Amino acid sequence: MPNPVVVFDTSLGAFEVELYQDKAPITVKNFLAYVNEGFYDGTIFHRVIDGFMVQGGGFTPDGAQKKTKAPIKNESGNGAKNCNYGVAMARTSDLNSATAQFYVNVKDNDFLDDNQYCAFGLVTSGQATIDKIKKVKTATKGRMENWPVENVTINSAKVK
């Protein structure tokens with residue numbers, strides 16, 4: 001059975017993510033549930049650090065954090081990597097705290113594998129969109145650093 005693919009339409013273009021359900025079944029099931037519920041539609045990339053990663057999936061354009069489901073079990077060490085364009089779950093210092101927020105690596109970040117950040121997919125199309133996102137101007141907004149000055153909105157996320 002082929003891996004699911006999610007198409008993200010953003011204010012800066014589209015990109016597709018292949019999800020590694022064989023390597024991270026809990027993570028992929030959780031992510032697809034959020035996609036199928038339309039959770040990501042209208043959220044923004046709220047943390048952008050060129051040379052590191054772009055993070056989204058948790059905040060609305062006005063800076064409000066969306067309510068999520070319970071955290072999931074961390075599936076790091078599954079063979080998927082935090083490589084350039086690799087997709088992984090954001091979390092707090094608690095290894096099992098990932099909910100809906102995700103990030104796309106914009107370079108190889110092997111140290112994140114060593115620190116147990118669960119990679120679960122790869123941008124397979126639309127890498128130029130990720131490259132545009134990583135270049136947006138950022139500032140500090142409240143307590144949030146690296147917040148884009150102009151919103152980069154996820155218009156929709158749908159299973160292909």
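Colleague: What places the sulfur of cysteine 83 too far from the closest cysteine sulfur for a bond?

Modeller: The closest cysteine sulfur to that of cysteine 83 belongs to cysteine 118 and is 13 Å away. A disulfide is defined as a pair of cysteine sulfur atoms within 2.5 Å, so 13 Å is too far for a bond. Cysteine 118 is likewise in no disulfide, and the structure holds zero disulfides. This is a predicted model, in which local features need pLDDT of at least 70 and side-chain atom pairs count only at pLDDT 80 or more, while totals for chains, interfaces and linings use all residues. Residues are numbered from 1 along each chain as its sequence is written, and side-chain values use heavy atoms, with hydrogens and water left out.

Colleague: Why is cysteine 83 called partly exposed?

Modeller: Buried means under 20% relative accessible area, exposed means over 50%, and partly exposed lies in between (1.4 Å probe, protein chains only). Cysteine 83 has 25% relative accessibility and therefore counts as partly exposed.

Colleague: What makes cysteine 118 buried or exposed?

Modeller: The relative accessible area of cysteine 118 is 4%, so this residue is buried. Buried residues make up 46% of the 160 residues in the protein.

Colleague: Why does methionine 1 count as exposed?

Modeller: Methionine 1 has 91% relative accessibility and therefore counts as exposed. Methionine 1 is found in the segment before β1 (5–10). Its C-alpha atom is separated by 10.0 Å from that of glutamine 21, 20 residues apart along the chain.

Colleague: How many helices and strands are in the protein, and how are they assigned?

Modeller: There are three helices and 10 strands. Helices (H or I, at least four residues) and strands (E, at least two) are DSSP runs, numbered from the N terminus. Along the sequence the pattern reads β-β-α-β-β-β-β-α-β-α-β-β-β.

Colleague: Why does the radius of gyration agree with that of a compact globule?

Modeller: The radius is taken over C-alpha atoms, and the globule rule is 2.2 Å times the number of residues to the power 0.38. For 160 residues a compact globule would have a radius of gyration near 15 Å; the protein has 14 Å, which agrees. Along its principal axes the C-alpha trace spans about 40 × 30 × 30 Å.

Colleague: What share of the contacts joins residues at least 24 apart?

Modeller: Contact means heavy atoms within 4.5 Å. Among contacts between residues at least 6 apart in sequence, 69% join residues at least 24 apart.
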